[in-house]
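Trainee: I am new to this structure and would like to learn how to read it. Could we go through it feature by feature?

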Amino acid sequence: MDELQVVEFVATYLKKKGFSDAENALQAEIQRNKNSNNSNPIDILNDPELSKFFRSFSESEDGPARYLEEYNKLRSWTYSSLDLYKHELLHVLYPVFIHCFMDLVAKKHIQEARAFFNNFREDHEMLHLRDLQKLEGVLSPSHLEEMEFAHSLRHSKVNIKICQYSYELLLQYLHKTQSTKMLGIINERINFQVSPGQPNSISDDAEIVTLIGSNQDVANQINQKEVRWGLLEDSLENRLDKMGGLLSDSEKAEGENKEGDGDENKKRSVEGGKQGAPIKKLKKDKAINSTAKAVRPETNTVPTAPRVKPELALPVMPTEVEQSILEDLRNRVQLSSVALPSVSFYTFINTHNGLNCASISHDGSLVAGGFSDSSLKVWDMAKLGQQGGSSVLQGENNTTPREDTLGANSGKRSYTLFQGHSGPVYSAAFSPLGDFILSSSADTTIRLWSTKLNANLVCYKGHNYPVWDVQFSPVGHYFASSSHDRTARIWSMDRIQPLRIMAGHLSDVDCVQWHANCNYIATGSSDKTVRLWDVQSGECVRIFIGHRSMILSLAMSPDGRYMASGDEDGTIMMWDLSSGRCVTPLIGHTSCVWTLAFSCEGSLLASGSADCTVKLWDVSTSTKMPRTEEKSGNPNRLRSLKTLPTKSSPVYSLQFSRRNLLFAAGVLSKSS
């Protein structure tokens, strides 16, 4: 290589790396040397440092061994860092790892890419297993463009929050070790959000890393759209407010006490020594009433939700049903941090690992289970109590096909069997009145069943792959579904084709939830994002980014302002629909959060998990958190009011009744 080739090589390198100023300076220096006929130019060929640099650059610029060597060094350095900064620096490893792998594939070093992937995948399996399983299928450069997940990663950046000192440590290491490959990947693929002060606490990790499935700029643009999060103008709650509103617990108790005062005075003269117990109870009731009165002004300070018009044609509710619901609402128990709900837990036994989902009707009278043998079974709690007072639900219990005939009158079983699906049933949902039930299956269909006729009414076909979730709207008639085909769809009971198709997620849509006013649906996906969709236009109006694993459960607050989402890691995030921002993460579960439910007045959130617990959270405190506490990261802002452990039963479903009784369902698992 002569001197002219070396100069051209350096110029090409500078141009490739985008160092335009350095390239121009080099060209100017070369031109000056030619014009002045400098007799002592720099000896490029014999300079040992330059020779070493050019040799290493030419030999390993595109060599696969360089990726392995530099990543291994970065990994070792990160794990040996001080504990104060280690957890922040570790966040850098995963995006660097996947981009090293994809770069090797893009350069057609397939064998080296597989070896690199298998060497280091264990480091990331705990947090990113599903991503790794998808990337495992990338076997050629064409796959990087054909696979939407890989394509998205290649054309977007990762946001990482990191403190100033951790950021400087990382840059110093990369420059000191001349890790040009790692430095290039970090420069191109990672967007650091550097903050002054101490490193972020480990408890805030859920907010630190955002692997963006869709570009952050696109998300920010979408989140500028207006969301009308209020309640419907003619809702039953609105009518109740005009009629006089709800009775508080204290008012109910005071009324009961006044009615009972006369009887109490009569009993005192007769019962003599027994009067101690009633007096003690009366004092306790008064103490509860005074506490409720003290709490009540706080709840009244919450601004009422705005009223909006429906975008869908709503069904007409029968008068007798409307009166029944209004009566339930009038007698609703007002819950708060000092008045927690009663909980009724339904346990499935003898399911032999066949139960996939559970659902509870709004009044708790019916419980449904979807099974891997393609069956749907519904238990009537009233009949179950008559048959023997058992508090558990028998699943598959070695019954023969002849015994599994449709109908509730069979003396050999305590449930109604619905058969029709040809694959495992993954979701079931009762209509608001409990007269219908929907089920979705791996056979790509959704079926509508009548709980009155015990018969299948309609089979809805439209999805191309298994349907993971299905949910009735709050007013009935309409329902939404989500599928492995990466879409959500809106249906009405009287049409066999979907009304709307919501497409935009980059992976499975695992769960779906209706907004309280029926104008929006929310979808949670394996791409780690939650999206909010306008049901009229089918457009995405919000993208919520912050989860680090697939979203498994969603819940909307009764006033429609907030949404809760639970993921595979056990993290729950509370979102403000109007701004699209996370109000606060709720940390406490140690495994998948499979179900979420708001209390009817919206002050409490219940969460059910695979860790065999039900947790109650004080939502009103979390959503009213002052900005000063939000910025300081005060851990007291997250109020877990109570943890209710089960007897080795993962919690599949939660449902608040209209009177604020909490129903829960789970399956008894084999104790370890």
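Mentor: Start with one residue. Ser-439 counts as buried because its relative accessibility is 0%; buried means under 20% relative accessible area, exposed over 50%, and partly exposed in between, with a 1.4 Å probe and protein chains only. Before going on, note that this is a predicted model, in which local features need pLDDT of at least 70, side-chain atom pairs count only at pLDDT 80 or more, and totals for chains, interfaces and linings use all residues. Residues are numbered from 1 along each chain as its sequence is written, and side-chain values use heavy atoms, with hydrogens and water left out.

Trainee: Where is Ser-439 found?

Mentor: Helices (H or I, at least four residues) and strands (E, at least two) are DSSP runs, numbered from the N terminus. Ser-439 belongs to strand 13, residues 436-441.

Trainee: With which residue does the side chain of Ser-439 make a polar contact?

Mentor: A polar contact is a pair of N or O atoms within 3.5 Å; within protein, one must be able to donate a hydrogen and the other to accept it, and residues adjacent in sequence count only if both atoms are side-chain atoms. For Ser-439 the partner is the side chain of Trp-449, at 2.8 Å. Contact in general means heavy atoms within 4.5 Å. Leaving aside neighbours within four places in sequence, Ser-439 is in contact with residues including Leu-376, His-421 and Val-470.

Trainee: How much confidence does the model carry?

Mentor: pLDDT is the predictor's confidence in each residue, from 0 to 100. The protein averages 78, and 74% of the residues score at least 70. Over residues 396-411 the pLDDT is below 50, and this stretch has 30 contacts in the model beyond near neighbours in sequence. Residues 626-636 are also below 50, with five such contacts. Where pLDDT is low, the predicted coordinates should not be read in detail.

Trainee: What does the protein contain in helices and strands?

Mentor: There are 19 helices and 33 strands. Of the 672 residues, 49% are buried.

Trainee: Which residues of helix 6 are buried?

Mentor: In helix 6 (residues 110-120) they are Ala-113, Arg-114, Phe-116, Phe-117 and Phe-120. Seen down the helix axis, these buried residues fall within an arc of 165°, so they line one face of helix 6; the arc is that of the directions from the helix axis to the C-beta atoms. The face turned away from the buried side carries the exposed residues Gln-111 and Asn-119. Helix 4 (64-79), helix 5 (83-106) and helix 7 (125-135) are among what covers the buried residues of helix 6.

Trainee: How is a pair of aromatic rings described?

Mentor: By the distance of the centres and the angle of the planes. Rings of Phe, Tyr and Trp (its six-membered ring) pair if their centres lie within 6.5 Å; planes under 30 degrees apart count as stacked, over 60 as edge-to-face and the rest as tilted. The count comes to 21 aromatic pairs. The rings of Tyr-71 and Phe-97 have centres 6.0 Å apart and planes at 45°, so this pair is tilted. Tyr-71 lies in helix 4 and Phe-97 in helix 5, 26 residues apart. Both Tyr-71 and Phe-97 are buried. Ring pairs link Tyr-71, Phe-97, Phe-101, Phe-116, Phe-117 and Phe-120 into a cluster.
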